[in-house]
Amino acid sequence: HTNKFSGSDPVHVVYAANDDSVAGVEASIRSVLAHSSGPIEFYFIGNRPLPSMPSVHWFNLTDVVKRYDLEDYMNTNERTDRDDSINLMHSNYARFSLDKIMPAAASKIM
């Protein structure tokens with residue numbers, strides 16, 4: 001999604017999340033749009049496109065996991081400091097594919 005600002009390179013903001021975190025991703029994008037001072041392109045790595053934000057670039061999480069061997073990064077050790085299973089969430093490891101999936105012209109990626 002490109003916002004109303006122009007004249008400079010956009011910041012490319014990438015989110016990766018499981019289905020249970022989609023509402024939080026959408027809320028975060030709305031907040032960034034409301035408070036941004038320059039052009040922004042949004043990307044989402046997840047199981048399906050964001051339903052309320054069709055302009056957000058979408059990457060299928062399953063495809064990214066397979067194409068970039070994200071299973072190799074999985075940490076199967078049990079964590080005792082958290083109640084969730086973040087070590088086993090593919091979306092947690094999607095960041096290791098950003099250098100391959102983002103546009104070559106993207107000079108600012110978050």
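Helices (H or I, at least four residues) and strands (E, at least two) are DSSP runs, numbered from the N terminus. The views below show a predicted model, in which local features need pLDDT of at least 70 and side-chain atom pairs count only at pLDDT 80 or more, whereas totals for chains, interfaces and linings use all residues. Residues are numbered from 1 along each chain as its sequence is written, and side-chain values use heavy atoms, with hydrogens and water left out.

**View 1. Overall order of the elements.** The secondary structure of the chain comprises four helices and three strands, and from the N terminus on these elements follow one another as β-α-β-β-α-α-α. Of the 110 residues in the chain, 36% are buried, where buried means under 20% relative accessible area, exposed over 50%, and partly exposed in between, for a 1.4 Å probe and protein chains only.

**View 2. Strand S2 and the two strands paired with it.** Seven of the seven residues of strand S2 (residues 40–46) are buried, so this strand is largely enclosed by the rest of the structure. Both of its faces are covered, with Ile40, Phe42, Phe44 and Gly46 buried on one side and Glu41, Tyr43 and Ile45 buried on the other. Strand S1 (residues 11–16) runs parallel to S2 and is joined to S2 by six bridges, two strands being counted as paired if DSSP finds at least two bridges between them. Within this pairing, valine 14 stands opposite tyrosine 43 in S2. Between S1 and S2 the chain passes through helix H1 (residues 22–35), and this β-α-β crossover is right-handed, that is, with the strands pointing away from the viewer, the path from the first strand over the helix to the second runs clockwise. S2 also pairs in the parallel sense with strand S3 (residues 57–60), over four bridges, and here phenylalanine 44 has tryptophan 58 in S3 as its bridge partner.

**View 3. The salt bridges.** Side chains of opposite charge can pair when their charged atoms come close. The structure holds two salt bridges, each defined as a side-chain nitrogen of Lys or Arg within 4 Å of a carboxyl oxygen of Asp or Glu. In one of them, arginine 48 pairs with aspartate 19, and the closest N and O atoms are 2.8 Å apart. This pair links distant parts of the chain, 29 residues apart, since arginine 48 lies in the loop between S2 and S3 and aspartate 19 in the loop between S1 and H1. Arginine 48 is partly exposed, with a relative accessible area of 48%, and aspartate 19 is likewise partly exposed, at 39%. In the other, the side chains of lysine 100 and aspartate 99 meet at 3.5 Å, N to O; lysine 100 is partly exposed, with a relative accessible area of 46%, whereas aspartate 99 counts as exposed at 62%.

**View 4. The largest pocket.** The largest pocket holds about 150 Å³ of space. On a 1 Å grid over the protein atoms alone, a pocket is an open set of points with protein on both sides within 12 Å along at least five of seven lines, and lining residues have an atom within 4 Å of a point; grid points are joined across faces, edges and corners, and a volume is the space filled by probe spheres set on the points. Thirteen residues line the largest pocket, and Val11, Val13, Pro39, Ile40 and Met110 lie nearest its centre. S1 contributes the largest share of this lining, three residues.

Conventions
1 Å grid on protein atoms, 1.4 Å probe; cavity = no way out; pocket = protein on both sides within 12 Å on 5 of 7 lines; lining within 4 Å.
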